[in-house]
Amino acid sequence: MSSIVSIKDLSKTYNSGFEALKNINLDIKKGEILALLGPNGAGKTTLISTICGIVSPTSGTVTVDGNDIITDFRKTRQMIGLVPQELTLGAFEQVLQTVSFSRGLFGCKKDENYLIQLLKDLSLYDKKDTEVRALSGGMKRRVLIAKALSHEPQILFLDEPTAGVDVELRKDMWMIVRQLQDKGVTIILTTHYIEEAEEIAERVGVINNGELLVVEKKELLMENFGKKQLVIELRETAKEIPHMLHKHNMELTDDGLSISYTYDAKNAESNIQEMLKEFTDSGLLLKDIRINQSSLEDIFVDLVKLK
Amino acid sequence: MINFRAIKVIYLHEMLRFWQTLFQSVASPILSTALYFVVFGAAIGSRIANVDGVSYGLFIIPGLTMLSVLTQSISNASFGIFFPKFTGTIYEILSAPISFYDVLIGFVGAAASKSLFLAAIILITASFFVDLNVAHPFWMLAFLILTCVAFSLFGFIIGLWAENFEKLQIVPMLIITPLVFLGGSFYSISMLPPLWQKVTLFNPVLYLVSGFRWSFFEISDVSVGVSLLMVIVFLSACIGVVAWIFKSGYKLKQ
C-alpha cells in the first residue's frame, strides 16, 4: 500500500517551551486504520492538529498525497476531515445547517442529497432540524463526524472518538469507522483505550512524551513485544526449582505450587520442548498447564514504562 | 486562489445571527436614536443656539451615527471571531482549506454590513425628527463604508487579541466610547478652550466625525482632505496589523 500521509522529522515545541513532539517519522498507508495510542499529554492531539493545520510545526515536514501541508495547504486540507476531541459545536445551529456550513467552508458545492444520506448513515436524519444544544453527548459526537465527512474527505482523523461515550455508542462508532474504511477512507484515530486499538486498528503507533515509540501491525506488535508465560501447576509443593532447570527462565511461586516459565514467543518451540523434557526428568509432578499471553495493554504499559 | 464558497458561508453564517435577532438589531438603534433626539434634539437642543448655522438636532446626527457605527463595528467583528475561539469551533476554520484573508473577508465583511445597516436605520429614524438633507451623498457613503470596514478590522484584531470577555469589552468601553464623545460628536471643537482644541486634534475620531458631518452640511472642524487621509491611514494601519497577524499566526495558531 502506498503512503498517503508522510511525516518526516516532525517536532513541535510550544511557546511555553513544552516539547510536544520530538522528531516524529511516520508513514500512514492509504486505506488503513491506524491507532495512535498513548497516555494523556503524550502528543497525540498535537500530532494530528499539526497535520490538519491547527498547530504550526517547529521543524520537519508533513506531506499529504505528496503535497506539503504548509505550501499546498488548500490541497492537503481538502483531503482531510477532523473530528475533534471536545464536543465543540455552535449551540444554536441546527444539525443540517451546521453540516452544510462545514461543507461550504471546505469550498464544496452544495449537495443536499449527499448530506441527507450522510445524516441517515449516522442515524442523525431525524434530528436534522434540531438545535445542536438539544442533543445528547453521543449525538453531538455524531454531528462532529458528519461535519468532518461533509466535504467527502479521503483521510479522517478521529481524536479520542469514544472518550466519554457509552458502550453501545462505542460499538456504533467502530462500525462507522469500518464502513468508512470500506469506502476507501484512511482513518487515523487517537485513543487511550487499548481495547479500542485492539478492536479496530490494523496498525498501532505508541506515543509517549512526544516520541513515537513504535508503529507496527497489531499482530506483529503483539508478537514482537508480547511475552508468553507458561504456568505449570504442581501436584506437590516444591521448595525450590531443581538445579537442572535453572538455565530456563523459571520462577517458583511463593506457595510453591506452581512454576512460571516466561519465553520468547518467536522461537518458542524448541525451548518449550527442551524445558518440558527437563521438567519431567527433574522429578517434579505436573498437575496442569496454562498459558498467559500479554495483551496490547501489557505491551503498552511496558513500552511506556521503558522510556 | 480564493475560496469564495468559504467566504460566502462565513459571511452568511455571521449575518444569520443578525437576522435571527432582527427585532433587537433594528429596535435598539431606533430606540436609542429616538431617545437622543428627545433629550438632545427637543429638550436640551431647543435651548442651544445653532452650531455653525445648523440646528443642534441636525448637528448631532453624523456624530450619533458614528458613535453607533464605531462601537457596533468593533463589537460585531470582535465578537464574531472571539466566539469560535471561546467555544472551540475555530478548529474547523483553522483546518479548512481557506487562508487567513478568506476568513478575514467573511467576518469583517459581515460586521461592516451590519454596521452599514445600522447606520441606515439611524439615519432613517433621524429623518423622522428633523429635515435631513445630505449635501454630498457620495462622500457620505464613502466615509461611512470606509469607517465601517476600518473599525470592523479593528474589532477583528481585538477579537483575536482578547482571551476573555473582559478584554473583549475593555477597548470599546474604555477607549472608543470616550474618544467618540470627546471627538466632537455632539459639539464643534470651536466651542472648546484653545488648549483642548489642540488636544482634541490627537483624537482620531474627530476626523471621522468631522468628515462625515461635512458630507451632510458642508461644515467641519478639520479639512475634509485631512479627514479622508486619517480614515485611510487608520484603515491601512489595521490592514498592516492584520497582515502581520497572518504572517505570524498570532493568537490563532500555536
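This is a predicted model: local features need pLDDT of at least 70, side-chain atom pairs count only at pLDDT 80 or more; totals for chains, interfaces and linings use all residues.
**Exercise 1. Leaving aside its neighbours within four places in sequence, with which residues is A:Val214 in contact?**

Solution. To begin, locate A:Val214 in strand E10 of chain A, which covers residues 211–217. Next, set aside the neighbours within four places in sequence, and the contacts of A:Val214 are A:Val206, A:Leu221 and A:Leu303. Finally, take a separation along the chain, where A:Ile289 lies 75 residues from A:Val214 and the two C-alpha atoms are separated by 33 Å.

**Exercise 2. Describe the side of chain B that touches chain A, and then examine helix H1 of chain B.**

Solution. Start with the count of residues, which gives 21 residues of chain B in contact with 24 residues of chain A. On the chain B side, helix H1 (4–20) and helix H4 (90–95) each supply at least two residues. Sorting that side by class gives 9 nonpolar, 8 polar and 4 charged residues.

Turning to H1(B) itself, this helix has 17 residues and reaches 24 Å from its first C-alpha to its last, which is close to the 24 Å expected at 1.5 Å a residue. Its buried residues are B:Ala6, B:Ile7, B:Val9, B:Ile10, B:His13 and B:Glu14. What covers these buried residues includes helix H3 (95–105) of chain A, together with helix H3 (56–87) and H5 of chain B.

**Exercise 3. Work out how helix H2 of chain B is set against helix H5 of chain B, and which residues make the contact.**

Solution. Helix H2 (residues 22–44) and helix H5 (residues 100–129) of chain B pack at an angle of about 40°, with their axes 9 Å apart. That angle makes H2(B) oblique to H5(B), and the crossing of the two is right-handed. From H2(B) the contact draws on residues including B:Val26, B:Pro29 and B:Phe37, while H5(B) contributes, among them, B:Leu118, B:Ile121 and B:Phe129. By class, the residues of this contact divide into 10 nonpolar, 3 polar and no charged.

**Exercise 4. Describe how helix H10 of chain B packs with helix H9 and with helix H6 of chain B.**

Solution. Take H9(B) first: helix H9 (residues 204–217) and helix H10 (residues 224–248) pack at an angle of about 130°, with their axes 8 Å apart. This makes H9(B) oblique to H10(B), and H9(B) passes H10(B) in a left-handed crossing. Among the residues that make the contact are B:Tyr207 and B:Trp214 of H9(B), and B:Val231 and B:Phe234 of H10(B). The contact has 10 nonpolar, 3 polar and no charged residues.

Now take H6(B), which covers residues 137–161 and whose axis comes within 9 Å of that of H10(B), the two crossing at roughly 30°. Because angles under 35 degrees count as roughly parallel, H6(B) is roughly parallel to H10(B), and the crossing in which H6(B) passes H10(B) is left-handed. Residues of H6(B) including B:Phe143, B:Leu146 and B:Phe154 meet residues of H10(B) including B:Val231, B:Phe234 and B:Ile245. The residues of this contact divide into 16 nonpolar, 1 polar and no charged.

Conventions:
Residues are numbered from 1 along each chain as its sequence is written. Chains are lettered from A and ligands numbered from 1 in the order in which they are written. Two residues are in contact if their C-beta atoms, placed from the backbone, lie within 7 Å. Helices (H or I, at least four residues) and strands (E, at least two) are DSSP runs, numbered from the N terminus. Ala, Val, Leu, Ile, Met, Phe, Trp, Tyr, Cys and Pro count as nonpolar, Asp, Glu, Lys and Arg as charged, and the others, Gly among them, as polar. Axes are lines fitted to C-alpha atoms, for helices over the stretch in contact, and angles run from 0 to 180 degrees between N-to-C directions. Angles under 35 degrees count as roughly parallel, over 145 as roughly antiparallel, 65 to 115 as roughly perpendicular and the rest as oblique. A crossing is left-handed if the near helix is turned anticlockwise from the far one by less than a right angle, and right-handed if clockwise. The expected span of a helix is 1.5 Å times one less than its number of residues. A residue is buried if 20 or more other C-beta atoms lie within 10 Å of its own, exposed if 12 or fewer, and partly exposed in between; C-beta atoms are placed from the backbone.
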